[in-house]
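I opened the model to look up its sheets, its nonpolar cores and its aromatic contacts. These are my notes, in the order in which I went through them.

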Amino acid sequence: MIVAEDKDVLKAKLKEHFGYTSFRGNQETVIRNILSGRNTFVIMPTGAGKSLCYQLPAMIKDGLAIVISPLIALMKNQVDQLNAYGIHARFLNSTLSKSEITRLKKDCVNGVVKLLYVAPESLNKEENIEFLQKVTISFVAIDEAHCISEWGHDFRPEYRKIKGMIGQLGDLPVIALTATATPKVQLDIQKNLQMEEADVFISSFNRKNLYYEVRPKKETKKQLIRFLKEHKGKSGIIYCLSRKKVEEIAQLLNVNGFSAAPYHAGLDPDVRIKNQDDFLNEEVNIIVATIAFGMGIDKPDVRFVVHYDVPKSLEGYYQETGRSGRDGLEGICLMFYSHNDLNKLEKFNKDKSVQERENARVLLQEMEFYAESPVCRRRQLLHYFGEEFTQANCGSCDNCVHPRERYDGTEAVKIVLEAALQTNERFGLSHLINVIRGTEDEYVKSYGHFDLPVYGKGGNEEIDQWKSVIRQALIYQYLEKDIDNIGVLKLTEKGKKFLAKPHPIELARDHDFTTAIEDEEVSTERPAAAKSYDEKLFEMLKTLRKQVAKHKDLPPYVIFQDPSLEEMATTYPTTQEDLAAVNGVGMGKVKKFGKEFLELIQKYVDDNDIETATEVVVKSSVNKSKIKIFIIQQIDRKVDLEEIAESKSLTFEELLTEIENICYSGTKLNLDYYIDEVLDENKQNQIFDYFLNSETDSLEAAMADANNTDYSEEEMRLMRIKFLSEYAN
Ligand code: ADP
Ligand code: MG
């Protein structure tokens, strides 16, 4: 049994069972918690790596871990993935035959099975409870735990009975996991599972590798096809609102030479499952679907998620986009937006109760603001989930890559705050705008608000412009929403300070989705990242992976995931040991699938006269080059440097030295995401200018220069890396 404190042992277990070299985010803390027998509640965005939080403890603890998971159709897939690592996992659901169940039960009682996936429906059966009572159970994991809550987006009545079922198995530690961000659902889950005392681990909802973009819904089919041509061969999901649209778009894509399959609840179950499997198995690249598709799909290499129609809520949008880039590599999230879609969605609600209609309207309004806003998309999404993102430029959304023109918004924000204050912070957006613009309606009359000093002060601007200002005042935290009264806006501390002593504030104009913006489209392309691996070998490895997968009747990513193939195409491993050292591989996979891959790499290396690490240097430096690749990958993923340093047990200094070496050996690194966080634009420009005009890039010379006395050595080094990457490489 592992001692919870022993850091290296846990890491060694991670490598041994899953081939990964380090934990992501707070996986390690979560794992220690469940290992020590505590009830654990994990809230992590999609793709962050929740599964590992119970899979690794299952391998470490004695006994069988039970994993409750809602989707029978995907259980086999999850079990296949574990089996590929050489892990003994099985599933129990209604698809098994009698004799299969008998065999399974025997294996469980004998203690060879480490993980058992069950649907709540199956767990509820008396015969299954009876047999599980005879098995030593290590703990219970409840995946997709939001299914418990009626407030969640995927309520399953069976999930509400889970607590009772677990109770019959004894007093077992429970780990519940979900990607749902809303506090209401979180509370509901804890209450229902009677685990209010559980340790809660909430991760940041920032998905750094995702790129967010909103485009006007004009000539959408043309735009879509152009987009798909740029991403030919990649895997992606296209969400449409209606079944009819799903069919139409799937057909359009096939006619245009893409391989796409439809998915919606109206399809025959056999067809639906086949289409889903074809997508997982890379038989088709694109799945065109209603929101019925997605939950529980663990396909790690989805490279884009397109919303052909506007989604109903930001929460839904966030979950759906979250399905791209799970492996930490590229994930493009593109939404086509039109006002008309909002009207359509609103019409769907016409038969609902007044309260439901009002709730749905508020959700749609958030969607509208998000789409039309000029503010960083990431910042808006995180703000919606109560998380503040303070970086000036995220570098990975349309509004940051192509910033909207800015204007001096100091006076406008002042007027908005005055309006809220003078009406005693008791009103919402539309009333405030009426007061500001001097529009005399019933409310203005009955409250006598036409007497206020601020009344009519902003009469020359349109309603939409004031909406935009208020929205930005909220996101930049001068205003906040009242918790108890929906829609009511109040000043924050920051807002009060600003009114007392105004400082310049820059705002940007909203996107205008009503006029033609065709010309702008060309410039909305995202800058392409240079590849740091051998693309030719990568493609060959991918082809081989597909053949092997087909032969074994498994999805390709179960064999090796893309990041592992990229690493192989960088380090050219030709021995079993070198291959096992690749992140995400491990000896289990080498034994199962390694042979053909090693042969392919060996042949490629011979044919192309490539010197592999093993030939030229001694073993220890192989590890060094591995660290470099790790660093490059992490930086591509925009992981904070502190986090990278920590996961490799390096000091910040040492990490910078590694990064400098990478740069000097000719690899471009884009550290903007980090530098923007620690250095303001002004400072950046000054240091950059220094290097531009200096004759040497020597650090000593830079530190000795009188112009640079304000900067720390770290800052100089970071900027030197930026400079070298942009100019030297
Ligand atoms: P979630 O359930 O939170 O949506 P998953 O558990 O499906 O996410 O994991 C997403 C991806 O991250 C998977 O492809 C998995 O292989 C990968 N992953 C998880 N943990 C790690 C890790 N420590 N290092 C590298 N990759 C990881
Ligand atoms: Mg999951």
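The entries below start with conventions and then go from sheets to side chains.

**Conventions.** I worked on a predicted model, in which local features need pLDDT of at least 70, side-chain atom pairs count only at pLDDT 80 or more, and totals for chains, interfaces and linings use all residues. Residues are numbered from 1 along each chain as its sequence is written, chains are lettered from A and ligands numbered from 1 in the order in which they are written, and side-chain values use heavy atoms, with hydrogens and water left out.

**Seven-stranded sheet.** I looked up the strand order and found β3-β4-β2-β5-β6-β1-β7, an open sheet with parallel pairing. Strands here are DSSP runs of E, at least two residues long, and helices are runs of H or I of at least four, both numbered from the N terminus. Two strands count as paired if DSSP finds at least two bridges between them. The edges are β3 (89–92) and β7 (199–202); each has a single partner strand, so one side of each lacks a neighbour in the sheet. From one strand to the next the twist averages 20°; axes are lines fitted to C-alpha atoms, for helices over the stretch in contact, and angles run from 0 to 180 degrees between N-to-C directions.

I then checked what packs on this sheet. Helix α5 (residues 98–109) touches β2 (64–68), β3 and β4 (115–118), and its direction makes about 130° with that of β3. Contact means heavy atoms within 4.5 Å.

**Strand β2.** I asked how many residues of β2 are buried. Five of its five are, where buried means under 20% relative accessible area, exposed over 50% and partly exposed in between, with a 1.4 Å probe and protein chains only. Leu64, Ile66 and Ile68 are buried on one side, Ala65 and Val67 on the other. In a regular strand the side chains alternate between the two faces of the sheet.

β2 pairs with β5 in the parallel sense over five bridges, and Leu64 stands opposite Ile137. Four bridges join β2 to β4, again parallel; Val67 has Tyr117 as its bridge partner there. Further along the sheet, β5 (residues 137–142) runs parallel to β6 (residues 174–178) over three bridges, with Ile142 opposite Ala176.

**Six-stranded sheet.** The other open sheet I noted has the order β8-β13-β12-β9-β11-β10, with parallel pairing. β8 (210–216) and β10 (260–263) are at its edges with a single partner strand each, so one side of each is without a neighbour in the sheet. Neighbouring strands are turned by 15° against each other on average, direction ignored. Helix α15 (residues 354–372) packs on this sheet, touching β8 and β13 (331–337), at about 110° to the direction of β13.

Five bridges join β9 to β12 (residues 302–307), which run parallel, and Ile238 is paired with Val306. I also looked at Ser242, in the loop between β9 (235–239) and α11 (243–255). Ser242 is partly exposed, at 33% relative accessibility. The C-alpha atoms of Ser242 and Thr290 are separated by 6.5 Å, although the residues are 48 apart along the chain.

**Cores.** Which residues touch the most other members of the largest nonpolar core? They are Ile142, Ile175 and Leu479, out of 132 residues. Such a core is a set of buried Ala, Val, Leu, Ile, Met, Phe, Trp, Tyr and Cys residues joined through side-chain atoms within 4.5 Å. Not counting residues up to four places away in sequence, Leu479 touches residues including Val416, Leu417, Ile470 and Leu491. Another core, of 43 residues, lies apart from it and has Leu74, Ala289, Tyr557 and Leu565 among its members.

**Aromatic pairs.** My search of the whole structure returned 20 pairs. Rings of Phe, Tyr and Trp (its six-membered ring) pair if their centres lie within 6.5 Å; planes under 30 degrees apart are stacked, over 60 edge-to-face, the rest tilted. Phe427 and Tyr447 are edge-to-face, at 5.0 Å centre to centre and 85° between the planes. Phe427 is in the loop between α18 (410–422) and α19 (429–437) and Tyr447 in helix α20 (residues 442–447), so the pair ties together parts 20 residues apart in sequence. Phe427 is buried at 10%, whereas Tyr447 is partly exposed at 39%.
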